[in-house]
Amino acid sequence: MLTFAIIIPLFGAIALVALPSLDERGSRVLAVVAATLPLALLGVSWADFDAGGDALFQQVTDVDWIPTLGVGWRVGVDGIALALALLTAVLFVAAVLYPVDLRGRHRQYRAWLLFLQFASLGLFLTIDLLVFYVFFDLSLVGMYFLIGRWGHGDARTSALKFFLYTLAGSLVMLLGFLVLYLGTDPLTFDMRELIAQQPLAGGGARATFAVVAILFGLAVKTPLVPVHTWLPPAHVDAPGPASAILAGVLLKMGTYGMLRIPLAMARDTFADVALPLAVIAVVSVVYGALVAMGQTDLKRRIAYTSVNHMGYAVLGIAVAGAAVGPQAARDLAITGAVVEMVAHGLITGALFLLAGSVWRRTEDYQLDHYGGLAAPAPRLASATTLAAFASLGLPGLAGFVAEFQIFVGTFAVYPVLAGVALLGVLITAALFLQMLQQLFFGETPDRLASFADLGAHETVVLAALLALVVLIGVWPTWLLDVVTPASGLLLDAGAGAG
Amino acid sequence: MNGMDALAVGHLGPELALVVGAVVVLLTAAFLPRRAQWVTTPLALVAVAVAAGWSLWLATLEPTLTFMGDWALDRVTTGAELTVLGVAAATLALAHTWMRTDPRAGEHPAVVLFSAAGAMVLAGAADTMEIVVGMLLVSVTGYTMAAYHRRSAAAVEAGMKYFLIGALTNAVLLLGVVLLFGMTGTTSLDGTATALAAGDPDAVVLLVAVAAIGVGLAFEIGAVPAHAWVPDVAQGAPAPAAAFLTVAPKVGAAVALGRVLHVVPVDAVDWRVFVALLSAATMTLGNLAALWQGDLRRLLGWSSVSQAGYALMAVVVLGRSPLAPGALIFFLAGYAAANVAAFGVVVALRGRTSLDDYRALAARRPAHVAVLVVALLSLVGIPPLAGFVGKLTLFTAAIEGGYGWLAVLAVANTVVSLFYYLRVVGPMYFDDAGVVDEPVPLLGAWATTATVVAGLATVAVGLAAGPLLDVLASAHLLP
């Protein structure tokens with residue numbers, strides 16, 4: 001089932017490439033079907049999932065790939081992976097549906113999107129460390145072509161920078177993986193074994209090197225300050241749906257990796273570096289918010305709020321892995337981090353799609369060129385307002401549920417850091433309110449009087465994403481019921497063996 | 001070792017098949033009129049197929065030293081033979097149409113077969129004199145292949161440079177072999193190992209001998225300090241010859257280096273450090289030099305140097321990591337597939353080589369561009385392509401063998417290499433405005449078929465890494 005969810009988009013992509021006679025409409029139908037099937041399959045997985053089960057991973061498939069190296073096609077889910085895979089599937093359906101300037105290459109564009117969906121789902125669903133790495137790299141290839149070919153502005157430089165930075169990170173991470181791997185007996189990349197064996201438990205410089213290398217690679221992708229500099233150009237120059245995927249899905253690979261790999265597989269060593277990691281996370285929170293505040297470009301501003309929000313998620317993970325503080329607080333923090341990933345994916349995904357819509361209409365991201373858009377484009381205004389409020393953490397929306405748990409957890413473990421991180425929330429609120437005011441209120445300039453409101457496709461996609469944001473905000477139980485036990489299991493599994 | 005005394009000619013079957021094939025090709029070319037000489041390519045391909053089948057059959061035997069201890073019949077030899085044979089087959093197909101206008105087109109397949117036999121002798125040699133024989137065979141035919149277009153100034157210059165560096169380093173190799181013989185009284189590696197372990201070898205003489213052999217073999221590996229011919233040959237030689245010369249000799253010579261060093265006791269000469277330094281210098285120099293090349297073939301030439309540096313990582317940890325011999329062969333096989341595919345694209349596009357001429361090519365020649373992209377991404381080491389599994393095993397072996405710093409350096413180099421490979425990939429896909437929609441002529445079906453097969457092999461070797469590594473995992477270097 002999970003395997004099918006992963007490979008259906010790949011087959012879709014191959015079909016798109018292999019059928020040159022498809023017209024624009026045909027390729028759209030094919031792509032939407034190929035993107036939606038995994039969502040349906042994952043829905044079934046969700047229904048089958050036993051939230052109270054005590055196995056670390058469920059619905060496991062395990063087939064040898066390179067047995068000599070202990071590599072296998074291993075897929076399986078816990079609550080965290082399932083939540084993120086579902087988020088991925090939702091966002092890809094949204095991205096495939098969302099209208100964009102195709103530059104006359106509709107098949108190729110959709111094929112790359114589906115290829116990226118294949119890589120992303122594979123990453124969240126695999127429980128083999130090497131296969132994780134394979135998908136991690138494949139996601140870079142897909143995004144490189146999407147940005148370079150369908151981006152705007154200085155898209156080629158941005159795509160190159162994105163690829164170079166994140167490949168550098170991922171290769172350093174690979175070295176860390178290999179150290180982990182060489183510590184297992186018998187040698188295996190099976191995540192279940194790695195979590196059970198805690199191969200770095202002896203500690204020492206080698207263990208620290210491995211964990212720091214892995215965290216570095218993941219931090220580039222997340223991204224954390226100071227290795228975030230690839231993110232703003234990549235976001236600004238990417239087409240809207242690709243930005244939504246980049247923010248909504250690809251960034252999650254970094255934080256998901258942190259809790260799945262160093263936190264789970266090297267608990268002791270991770271605890272040693274938890275405090276520095278938390279400090280870096282808080283720096284990202286505050287720095288991201290401050291720099292976002294200073295941006296006059298709509299997309300850059302949203303891009304920097306990603307640095308801010310992913311900082312919260314990393315903070316939650318660092319708190320969860322710390323060796324100090326009450327267990328309950330740490331459970332809360334990691335659950336909060338997972339919910340933050342889901343919430344940020346939906347909210348920022350929506351915001352980037354909206355930014356893409358604005359670009360399609362005016363090819364301009366400068367905030368001060370806009371004003372009074374609420375009159376000609378009421379649907380755009382309401383969707384943006386809702387998404388912005390969710391992003392700044394308004395109670396009743398998804399962002400609040402996440403950040404509340406992270407902060408409560410952090411206060412119990414690192415109270416000072418929590419206090420500093422709160423600054424980030426304040427700044428984010430200010431910058432979003434100022435952005436909304438600039439875009440939608442005041443006089444409508446004449447040249448914007450004919451600004452078209454959201455079309456039917458755009459409205460449906462955004463309404464669905466924002467409905468989920470509200471649903472998580474007012475009734476988070478359905479999500480928490482699946483995520484919370486998984487978070488507990490993850491922490492227990494590592495602690496038990498260490 | 002029951003095969004020691006027997007002159008088991010059958011164990012050299014693959015090499016003999018190539019030599020016989022080459023003789024048949026020469027005779028055929030001598031007696032057939034020019035319009036019928038195209039048959040020499042299929043004839044040579046038959047010889048390659050026979051050799052490959054024979055090699056696969058030999059792989060079912062127990063690994064052993066054979067031919068009076070001069071020949072190592074092991075999995076490493078088999079892997080190297082099959083890789084070289086694959087490269088030879090692709091080269092024959094690529095050269096078929098390319099050489100059509102050359103008055104000596106009929107003889108060209110014979111040169112390829114001899115050269116491939118030389119590379120295979122290098123890989124299987126368990127005797128220093130036999131290494132010299134293999135080296136001379138692969139070098140002399142190599143010079144001929146590089147300068148096959150007698151009227152092309154670039155080809156002649158490339159051939160001349162190849163020859164001058166080769167003549168010098170071959171002499172150095174011979175010096176090393178003679179010194180080693182003088183110390184041990186034997187040329188067989190098995191005997192050398194025993195003599196060096198039993199006696200108390202003079203460290204200085206041994207060091208000089210090992211260094212001389214290393215430099216001699218570095219020539220065909222394309223490694224520092226004898227790498228200078230690689231970019232010139234890649235750029236100036238006929239493109240099919242360049243595809244062959246940047247790969248096949250490398251495979252043979254790297255294995256030969258491994259076999260020689262393997263018998264030298266580390267406490268007498270700490271060769272690991274030297275090879276590690278050579279590896280580091282080679283990969284770094286190759287990558288830095290490739291950065292700003294505007295010519296695809298020259299870029300591939302420098303990338304070939306850097307890949308030689310990666311391959312040497314496996315030699316460094318021979319005997320320290322059980323994965324090292326398998327990693328060496330697997331990496332070289334993956335590199336061979338990707339490199340032949342990349343040069344194949346150049347051949348299929350009739351020698352198109354300036355990077356500017358590749359702009360916006362994706363829309364006009366999607367299949368060729370796709371093969372080139374797959375090849376280049378494999379050279380970077382993007383999963384799940386062959387190059388990825390190759391580098392993965394290399395890195396694992398290096399870390400396991402205590403050479404973590406070399407793995408870190410290789411990672412840094414890989415990131416650098418991504419930059420110049422993307423300098424090729426980006427413009428092919430991302431440029432479209434302002435390029436004239438001129439036709440892009442192709443060389444014909446032979447070249448395109450060989451290119452596509454090499455591209456598919458690049459993917460297949462990565463995906464089928466399981467069974468391949470399964471066989472290679474038990475590989476260890478004889479003697």
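Author: Gladly! Let's start with A:V282, which, leaving aside neighbours within four places in sequence, is in contact with A:G311, A:L315, A:L417, A:V420 and A:A421. Keep in mind that this is a predicted model.

Reader: What makes A:L417 count as being in contact with A:V282?

Author: Two residues are in contact if their C-beta atoms, placed from the backbone, lie within 7 Å. A:L417 is listed among the contacts of A:V282, so that pair meets the cut-off.

Reader: Why is A:V282 called buried?

Author: A:V282 has 27 other C-beta atoms within 10 Å. The word buried asks for 20 or more, so A:V282 qualifies. This residue sits in helix α12 (residues 267-294) of chain A.

Reader: How far is B:V255 from B:L65, in sequence and in space?

Author: They are 190 residues apart in sequence, and 15 Å apart in space from C-alpha to C-alpha.

Reader: Which residues touch the most other members of the largest nonpolar core?

Author: B:L113 and B:A314 do, in a core of 416 residues. Helix α14 (residues 324-348) of chain B gives the most to this core, with 20 residues.

Reader: What does B:A314 touch?

Author: Not counting residues up to four places away in sequence, B:A314 touches B:A324, B:A327, B:L328, B:F331, B:L394 and B:A397.

Reader: At what angle do α9 and α13 of chain B pack?

Author: Helix α9 (residues 229-236) and helix α13 (residues 296-316) of chain B pack at about 145 degrees, with their axes 7 Å apart. Their crossing is right-handed. Among the residues making the contact are B:V230 and B:P231 of α9(B), and B:W302 and B:V305 of α13(B). By class, seven residues there are nonpolar, three polar and two charged.

Reader: How many residues does each chain give to the contact between chains A and B?

Author: Chain A gives 27 residues and chain B gives 24. On the side of chain A, the largest share, 13 residues, comes from α6(A). That side has 21 nonpolar, two polar and four charged residues.

Note on methods
Residues numbered from 1 in each chain as written. Chains lettered and ligands numbered in written order. Predicted model: local features only at pLDDT ≥ 70, side-chain atom pairs only at ≥ 80, totals over all residues. Axes fitted to C-alpha atoms, helices over the stretch in contact; angles between N-to-C directions. Helix = DSSP H or I, 4+ residues; strand = E, 2+ residues; numbered from the N terminus. Left-handed = near helix turned anticlockwise from the far one by under 90°. Nonpolar A, V, L, I, M, F, W, Y, C, P; charged D, E, K, R; others polar. Core = buried A, V, L, I, M, F, W, Y, C linked by C-beta atoms within 7 Å. Buried ≥ 20, exposed ≤ 12 C-beta atoms within 10 Å, placed from the backbone.
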